Amino acid sequence: NSFRASYTIDGDRMTVGPAATTRKFCGQEVMDQERAFLAALGSVTRWTIDGGMLDAHRADGERALTATRKAE
């Protein structure tokens, strides 16, 4: 599925709005992973980029997700 969401950034603070997604059905495990990813993304309040890696954290300081740029 594809995702879209609005976001705002102010220094190291980030707010991600609700995501709009395409509705293609995948296997249940993939759908569960998608829901978990979108929930993690929506919980992000702070972010940094270090060595090309996005490191995003929730308000309680716990890591919500990390991401690296796709190799070209």
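Author: Below, each label is set against its cut-off. Keep in mind that this is a predicted model.

Reader: Let's begin with the overall layout. What pattern does the protein chain follow along the sequence?

Author: The order is β-β-β-β-α-β-β-β, with one helix and seven strands in the protein chain. The C-alpha trace spans about 35 × 30 × 20 Å along its principal axes.

Reader: Why is D55 called buried?

Author: Buried means under 20% relative accessible area. D55 comes in at 13%, so it counts as buried. D55 sits in strand β6, residues 53-57. Buried residues make up 15% of the 72 residues in the protein chain.

Reader: And what makes D10 exposed?

Author: The label needs a value over 50%. D10 has a relative accessible area of 61%, so exposed it is. D10 belongs to strand β2, residues 7-10.

Reader: Back to D55. How do you know that the side chains of D55 and R63 are joined by a polar contact?

Author: The cut-off for a pair of N or O atoms is 3.5 Å. The side chains of D55 and R63 are joined at 2.6 Å, within that limit. Leaving out residues up to four places away in sequence, D55 also touches R46, W47, T48, L65 and T66.

Reader: Why is the aromatic pair of F3 and F37 called tilted?

Author: The structure holds one aromatic pair. In that pair, F3 and F37 are 5.8 Å centre to centre, with 45 degrees between the planes. Pairing needs centres within 6.5 Å, and under 30 degrees would be stacked while over 60 would be edge-to-face, so 45 degrees leaves tilted. F3 lies in strand β1 and F37 in helix α1, so the pair ties together parts that are 34 residues apart in sequence.

Reader: Which residues make up the largest nonpolar core?

Author: There are seven: M14, V16, A40, V44, A56, A64 and L65. Strands β3 and β7 are the elements that give two or more residues to this core. In soluble globular proteins, nonpolar side chains tend to be buried together.

Reader: What is A56 in contact with, leaving aside its neighbours within four places in sequence?

Author: A56 is in contact with V44, A64 and L65, and also with R46, W47 and R63.

Notes:
Residues numbered from 1 in each chain as written. Predicted model: local features only at pLDDT ≥ 70, side-chain atom pairs only at ≥ 80, totals over all residues. Heavy atoms only, no water. Helix = DSSP H or I, 4+ residues; strand = E, 2+ residues; numbered from the N terminus. Buried < 20%, exposed > 50% of the residue type's maximum accessible area, 1.4 Å probe, protein only. Phe/Tyr/Trp six-rings, centres within 6.5 Å; stacked < 30°, edge-to-face > 60°. Core = buried A, V, L, I, M, F, W, Y, C linked by side-chain atoms within 4.5 Å. Contact = heavy atoms within 4.5 Å. Polar contact = N/O pair within 3.5 Å; in protein donor to acceptor, adjacent residues only side chain to side chain.
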